[in-house]
Amino acid sequence: MSERDLTPEMLAAIAAKEVRPLLLVKAFFPAGTVRVWTGVGDLIYASETWNGLGSLLSIDAVQEQIDGTAQGLRIQLSGLDSAFFSPVLLGDYQNSRAEVYFGVRSPDGTLSGAPLLLFAGKLDSDETEDDGESSTLSINVESRLADLLRPRERRYTHQDQQALNPGAGDEGLRFIPGLQNLDLKWGSV
């Protein structure tokens, strides 16, 4: 994130005497979307309600590497009621989308311009601690680059093409097995 990415409203709020930065996290779980932010109370942004968790929400620093290595981050929710986690942890949420936004609040508590997308990736692994009264959930989020670096197990076969694009009418790879033992004569014999 650079200064050129910030809106004029955000630049004005940052230049003010008192700066109120905030982070918003949106995670798409099978049971529903979770929207939280690093303040207290509810925040309305884009016609959506974001639950304020204050210091109960922590996010690792977002890092960029110039060598192209994939960097992820860790989101930790702590000290929350155990009932909050039950809808979150239902179902297999691995590879679900997650987004982290950076924003600035004005002195009256409203957002100064639209928050800036800081990081987007996919939910990966988690660690939970539950003592019966409160829970801590730590979720690793992988960048899209990590997904691009995974090897793809694809074959040039008719069955693989049909699995990739069912009903597309693509029959080009249907003839590949017949080419294995085909004896072609080149030139004049």
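The model is predicted. Its protein chain contains 5 helices and 9 strands, and 29% of its 189 residues are buried.

**Overall organisation**

- Read from the N terminus, the order of elements in the protein chain is α-β-β-β-β-β-β-α-β-β-β-α-α-α.
- Of the contacts between residues at least 6 apart in sequence, 54% join residues at least 24 apart.
- The protein chain has an accessible surface of about 12,400 Å², and carbon and sulfur atoms account for 52% of that surface.

**Nonpolar cores**

- In soluble globular proteins, nonpolar side chains tend to be buried together.
- The largest nonpolar core in this model has 19 residues, and Ile75 and Leu123 touch the most other members.
- Two or more residues of this core come from each of strand 1 (20-29), strand 2 (32-37), strand 5 (57-59), strand 6 (73-81), strand 7 (97-105), strand 8 (116-130) and strand 9 (134-143).
- Leaving aside residues up to four places away in sequence, Ile75 is in contact with Val25, Leu57, Ser58, Ile59, Val100, Leu137, Ser138, Ile139 and Val141.
- Another core lies apart from the largest one; it has 7 residues, among them Leu22, Leu24, Tyr101 and Leu111.

- Ser96 counts as buried because its relative accessibility is 16%, and buried means under 20%.
- The side chain of Ser96 reaches the backbone oxygen of Phe28 at 3.2 Å.
- With residues up to four places away in sequence not counted, Ser96 touches Phe28, Pro30, Gly121, Lys122 and Leu123.
- One of these neighbours, Leu123, is also named with Ile75 as touching the most other members of the largest nonpolar core.

**Thr7, before helix 1**

- Thr7 is located in the segment before helix 1 (8-15).
- Beyond residues up to four places away in sequence, Thr7 touches Ser112, Gly113 and Ala114.

**Arg154, between helix 3 and helix 4**

- Arg154 belongs to the loop between helix 3 (144-148) and helix 4 (158-164).
- Its relative accessibility of 41% makes Arg154 partly exposed.
- Asp160 and Leu164 are the residues that Arg154 touches when those up to four places away in sequence are not counted.
- For Arg154 and Leu164, which are 10 residues apart along the chain, the C-alpha separation is 9.3 Å.

**Nonpolar surface patch**

- A nonpolar patch on the surface is formed by Ile176, Leu179, Leu182, Leu184 and Trp186, and together these residues have about 580 Å² of accessible area.
- Leu182, a member of this patch, is found in the segment after helix 5 (176-179).
- Leu182 is partly exposed, its relative accessible area being 46%.

Technical notes: Residues are numbered from 1 along each chain as its sequence is written. This is a predicted model: local features need pLDDT of at least 70, side-chain atom pairs count only at pLDDT 80 or more; totals for chains, interfaces and linings use all residues. Side-chain values use heavy atoms; hydrogens and water are left out. Patches are made of residues with over 30% relative accessible area and no salt bridge: like charges are joined within 9 Å, nonpolar side chains (Val, Leu, Ile, Met, Phe, Trp, Tyr) within 5 Å. Accessible areas come from the Shrake-Rupley method with a 1.4 Å probe; for residues, only the protein chains shown count as cover. A salt bridge is a side-chain nitrogen of Lys or Arg within 4 Å of a carboxyl oxygen of Asp or Glu. Helices (H or I, at least four residues) and strands (E, at least two) are DSSP runs, numbered from the N terminus. Buried means under 20% relative accessible area, exposed over 50%, partly exposed in between (1.4 Å probe, protein chains only). Contact means heavy atoms within 4.5 Å. A nonpolar core is a set of buried Ala, Val, Leu, Ile, Met, Phe, Trp, Tyr and Cys residues joined through side-chain atoms within 4.5 Å. A polar contact is a pair of N or O atoms within 3.5 Å; within protein, one must be able to donate a hydrogen and the other to accept it, and residues adjacent in sequence count only if both atoms are side-chain atoms.
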